[in-house]
Amino acid sequence: MQRPLAHGLAVGLLAILWIGLVGGVVLVWRSDTAPFEIFAGVFWSSVWYFWLGRIWLGGAMAIGLMRKALLAICPIMIGGCALAIGISDGEVYPSQLIGVAAALCGIAGGLLLGRADVKRWSLSVVETEMVRQPPDGTAFDLRAAALRQNRGMFGCLMMVIAAAVLIVVGVIGAMLPEDRGVNAPDYIAFMVGVVLVVAIGIAGYIRINLRAKAMGVLVVTERGLDDHPWPRFRSAALSYVGEAVVVDGVRRYPGARLDLSLYDEPDMRHRPLPNDALLHGSIASALETHSPDGVFLGWVQRDKEG
């Protein structure tokens, strides 16, 4: 599916938004701590454009979080600028005009990201990837699906953590005198926060890669499941915890996994699945198509301990 024009336009507007915010800050900048604040600007610009990169690639979580943030924060920015103009008896500063223009870009970008064609395109980007297709079945690359899902979630979490660092540093700075030196607690807190964010990011992505690698590839054919022939299987079922819900026309099963019972093994095997509703539907369809009668039990609700 071709990228919608609305999506590309939204990303362009959000890139302009950040440039406008930086320009507004430069206009009102009166500080002798340039090295620290330049470093802060580069850091937060990197966070913003990393977020935009996720949106450009079609990350559904990144798009959803950005849309909510824009439609919540940008109207507040416009209201703040209007209040400041009112307090100053109608005097308008260039930085205020830039702030309003940036906020309008953000609102327009948020509305564009909420369009139905953008949502459909985002879903098409994250469709199940398949590898090493056998002639008599289907192979599902669980590793790629897990990486795609978990990286998106973790990327959004890192954005929230980075924003929290900014808020904490801002609160500390607001309580300190304006003539504080470069060794003030807010600068130290910022540097410590940057180190922690980077360390958490590196450790998180390493863990995600290791867990995804362990999932491997699931192969469902007329002959069997992975390397096991169908005559070995007593049953195969897709189980989930809680209640299934329908979101955007897709049924989603929380905590989905594949439960396998073999005649020659006393214990049931449990294979975790990525949290990808489209992938779950494809696996269920393949099992129903290729397994012998009575082996695939369909979707089964289980207890958390089960």
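Predicted model: local features only at pLDDT ≥ 70, side-chain atom pairs only at ≥ 80, totals over all residues.
Residues are numbered from 1 along each chain as its sequence is written, and side-chain values use heavy atoms, with hydrogens and water left out.

1. Arg302. This one sits in strand β10 (residues 296-302); strands here are DSSP runs of E with at least two residues, helices are runs of H or I with at least four, and both are numbered from the N terminus. Arg302 is buried but has no salt bridge, a salt bridge being a Lys or Arg side-chain nitrogen within 4 Å of a carboxyl oxygen of Asp or Glu. The nearest side chain of opposite charge is Asp259, 5.2 Å away (Lys and Arg count as positive, Asp and Glu as negative; His and the chain ends are not counted). What does the Arg302 side chain have a polar contact with? With the side chain of Ser239, at 2.9 Å. Such a contact is a pair of N or O atoms within 3.5 Å; within protein, one must be able to donate a hydrogen and the other to accept it, and residues adjacent in sequence count only if both atoms are side-chain atoms. Not counting residues up to four places away in sequence, Arg302 touches Ser239, Tyr240, Val241, Gly255 and Arg257, with contact meaning heavy atoms within 4.5 Å.

2. Leu260. Over in strand β8 (residues 257-262), Leu260 counts as buried because its relative accessibility is 9%. Beyond four places in sequence, its contacts include Leu225, Phe233 and Met268. Leu260 and His270 are 10 residues apart in sequence, with C-alpha atoms 6.4 Å apart.

3. Salt bridges. The whole structure has 8 of them. Arg271 pairs with Asp226, with the closest N and O atoms 2.5 Å apart. That pair links distant parts of the chain, 45 residues apart: Arg271 is in strand β9 (residues 269-272), and Asp226 is in the loop between β3 (224-225) and β4 (228-229). Arg271 is buried at 18%, while Asp226 is partly exposed at 29%.

4. A network. Arg269 and Glu265 meet in a salt bridge of 2.6 Å, N to O. Through shared partners, salt bridges join Arg232, Asp264, Glu265 and Arg269 into one network. Arg269 is partly exposed at 32%, and so is Glu265, at 23%.

5. Arg115 and Asp117. Here the closest N and O atoms of the salt bridge are 3.2 Å apart. Arg115 is partly exposed at 41%, whereas Asp117 is buried at 17%.

6. Gly59. Look in the loop between α2 (34-56) and α3 (60-87). Gly59 is buried at 10% and touches Arg54 and Ser122, leaving out residues up to four places away.

7. Surface patch. Ile188, Val192, Leu196 and Ile200 make a nonpolar patch with about 340 Å² of accessible area together; Leu196 lies in helix α7 (residues 185-215). Patch residues have over 30% relative accessible area and no salt bridge, with like charges joined within 9 Å and nonpolar side chains (Val, Leu, Ile, Met, Phe, Trp, Tyr) within 5 Å. Areas come from the Shrake-Rupley method with a 1.4 Å probe, and for residues only the protein chains shown count as cover.

Technical notes:
Buried < 20%, exposed > 50% of the residue type's maximum accessible area, 1.4 Å probe, protein only.
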